[in-house]
Amino acid sequence: MGAALEIRNLHVSVEGQPILKGVNLVVKQGEIHALMGPNGSGKSTLANTLMGHPAYEVTAGQIIFDGVDIVELETDERSRMGLFLAFQYPVAVPGVTVANFLRNAINARRKAQNPEDKGIPIPEFRKLLLQKMELLQMDPSFGGRYLNDGFSGGEKKRAEILQMAMLEPRIAIMDETDSGLDIDALRVVAEGVNRLRGPNLGVLVITHYQRILNYIKPEFVHIMMDGQIVESGGPDLALHLEEHGYVWLREKQANGDA
Amino acid sequence: MATRRRVAREFQAPPLSRADVLALSERLNEPDWLREQRLAAWDLYESLPMPTTQDEAWRRTDYRHIDWESAGHLSANGGGARFEDIPAASRQPLLGDEQGAMLAFVNDHLVHHEVAPGLREQGVIVTDLHTAVREHADLVRTHLMTHAVTPDIDKFAALHAALWTHGVFVYVPRGVQATLPAHSIFYTTQPAATLGHLLIVLEEGTRLDYLHESLSPTLNADASFIGVVELIVGPGANLRFVNLQDWGHHMFEFSHQRARVAADGQLDWVTGQMGGRLVKAFMEIDLDGKGSWGRMSALYFPSGRQFMDLDTQQNHNAAYTTSDLLFKGVLKDEARSVWQGMIKVLPGAQKTDGFQANRNMLMSDKARADSIPGLEIQANDVRCTHASATGQIEEEVIFYLMARGIPRPEAEKLVVDGFFVPVLDRIPFESVRDRMMAYVERKLLGEVN
């Protein structure tokens, strides 16, 4: 049985301001989910909270990953358990090459499993990196560049996918991976994700637009408004949203509340 | 064991005297000219005031807590230490297995002297300064504190000229490209004063790679190092000079380091500052000849309650000269650093290009880095620019790295290593780069030597 990420009645505040107000969601390995919603609905808050960003305070609820409540766990522990966040805004790390960084990330995993581990042998690492770069149609010279330093928007997002390919997470959250990408870059990134799809990878695609979902086809679509998931359905829901916007949902909410 | 210290209110001088100068010169059986040079410097020393925080160059450096009772007495000869007592990593050859030249001192005592036959055949001299005074008197007389660091700069320079206890003399004769690097070490084991000197002279059209290291374990009483470095780079000569400092946390360093670069000469100077309780180092490059080039790079990483004050000057004394400075610091705990840098362009030094950049990364909100760039330009056709920035280590970067499974300490190490990379890349010896990274790691883990 695969691992699952279960979000139960999650409440999150930022600087004392409640943003998430009871989110419930289950993403299983092998499934692709899309989470859509207007600006400010709490999508990125959810992504950052799942990864344990210190600025986001869980005030109630649980995040169960692989049967463990991870709310109290450090960010690096969550990652080593197999949770991955593709950042909306990957930060530059000057002086640290993509390859060096990835070797550190892989070695951190190995060391957590076996404190005696001496780290992945360099030739083995190089082979793995080249293989994943080829899979994602990336130039091998990419590994020698400083991480996200001077990268174009498209390169940053591709670097995120490369990291995902190297670290082989069980559940990946993609936070607005489509933002700032032109159609060609979007296609390249989406193709990369599709190559990683399989029974061992669950994905939560967080997006503002339907566009990326033409390339990464989800099985489940959820809509978030004002810190809650207000509608869940199949792929049709995204298309419906594209056509009708969020207005009908707002009305439905208002009527439901009345 | 912590010792209770008297808190002195005044900027006091060490308890040294003219008799110490005479005794030292006598013990070393020095020639008259040198004894006279020492005595003249002593007279100058006596006429100069101790620097205080009222002096611009010393405004941020308060050394009143130094305990001259221990730090102000000359180190007793050798102290019984041997070459093998110096950490093994420092004694390794710089390139592969082949030692070019190695000169090592423990306290003021020469404990190791090795020059590869290849270098000797080239006519390269690497010897201790006392020997050089006897065997190469003319060369030493020409250069020793006459035109790079002069005794009249301040009281510490004068004190050094009067009482230098040991030193290295390096000479590369005209046209010689040294095939192997040279290396010297000042290691101390006593809570006392040492006054080490480094005099490196490159004649026209020569080339040399050089590493100097100052280090010691931490002792439980204060020590002082009152040092001078003089680098003389002749016309068209090329010197790559690396200077690493990893004193124990009992050490107070006051040093003057100055290079003079003749026409078309090149100096690539990298400094690594890790240790010491308090470091006040003046580093100066004079681009004296047309077309000369000088680069100064530093990485420093004070932690605990360490204090480092690095005072740099890039003097453009001739036309078509280029200087480039990059100083990068990481500070932990309650550490403090000062970088004060001046680019000076003399009248007539047209078409010069001077640059300076200082960047500091703070790993604690109790650490503090002062950054004071300066330009003094008396020519009208020049390009001089500076940049400086100081900020806390970025939590968003740490979060990003941790989100890939890297624990916080390793994430911080990656960020700090990456920060230092532009300076580390300028160190011409891979083994030394690796050692610098190891120093940085030790600092991050909070281990003090």
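Let's start inside chain A: the centres of its domain 1 and domain 2, taken over C-alpha atoms, are 27 Å apart. Keep in mind as you look around that this is a predicted model. The domain assignment builds domain 1 of chain A from two stretches, 4–90 and 169–257, while domain 2 of chain A covers 92–150.

How do these two domains meet? On the domain 1 side of chain A, 5 residues are in contact with 6 residues of domain 2 of chain A. Helices H2 and H6 (183–196) of chain A are the elements that give two or more residues to the domain 1 side. By class, that side has 3 charged residues, along with 1 nonpolar and 1 polar.

Now turn to where the chains touch. Here 22 residues of chain A are in contact with 18 residues of chain B. On the chain A side, helix H2 (75–81), helix H3 (98–113) and helix H5 (153–167) each supply at least two residues. H3(A) gives the largest share of that side, with 5 residues. Sort the chain A side by class and you get 12 nonpolar, 6 polar and 4 charged residues.

Helix H4 (residues 122–135) of chain A packs with H5(A) at an angle of about 130°, and their axes are 10 Å apart. Why call this pair oblique? Roughly antiparallel would take an angle over 145 degrees, and so H4(A) and H5(A) count as oblique to each other. The crossing of H4(A) past H5(A) is right-handed. If you want to find the contact, look for A:Leu128, A:Leu129, A:Lys132, A:Met133 and A:Leu135 in H4(A), which meet A:Leu162, A:Ala165 and A:Met166 in H5(A). That contact has 7 nonpolar residues, 1 charged and no polar.

Over in chain B, there's another helix pair to look at. Helix H2 (residues 32–47) and helix H8 (residues 155–163) of chain B pack at about 155°, with 7 Å between their axes. That angle makes H2(B) roughly antiparallel to H8(B). This time the crossing is left-handed. From H2(B) come B:Arg38, B:Ala41, B:Trp42, B:Leu44 and B:Tyr45, and they meet B:Lys155, B:Ala158, B:Leu159, B:Ala161 and B:Ala162 of H8(B). By class, the contact has 8 nonpolar and 2 charged residues, with no polar ones.

Methods
Residues are numbered from 1 along each chain as its sequence is written. Chains are lettered from A and ligands numbered from 1 in the order in which they are written. This is a predicted model: local features need pLDDT of at least 70, side-chain atom pairs count only at pLDDT 80 or more; totals for chains, interfaces and linings use all residues. Two residues are in contact if their C-beta atoms, placed from the backbone, lie within 7 Å. Helices (H or I, at least four residues) and strands (E, at least two) are DSSP runs, numbered from the N terminus. Ala, Val, Leu, Ile, Met, Phe, Trp, Tyr, Cys and Pro count as nonpolar, Asp, Glu, Lys and Arg as charged, and the others, Gly among them, as polar. Domain bounds come from an automatic or database domain assignment. Axes are lines fitted to C-alpha atoms, for helices over the stretch in contact, and angles run from 0 to 180 degrees between N-to-C directions. Angles under 35 degrees count as roughly parallel, over 145 as roughly antiparallel, 65 to 115 as roughly perpendicular and the rest as oblique. A crossing is left-handed if the near helix is turned anticlockwise from the far one by less than a right angle, and right-handed if clockwise.
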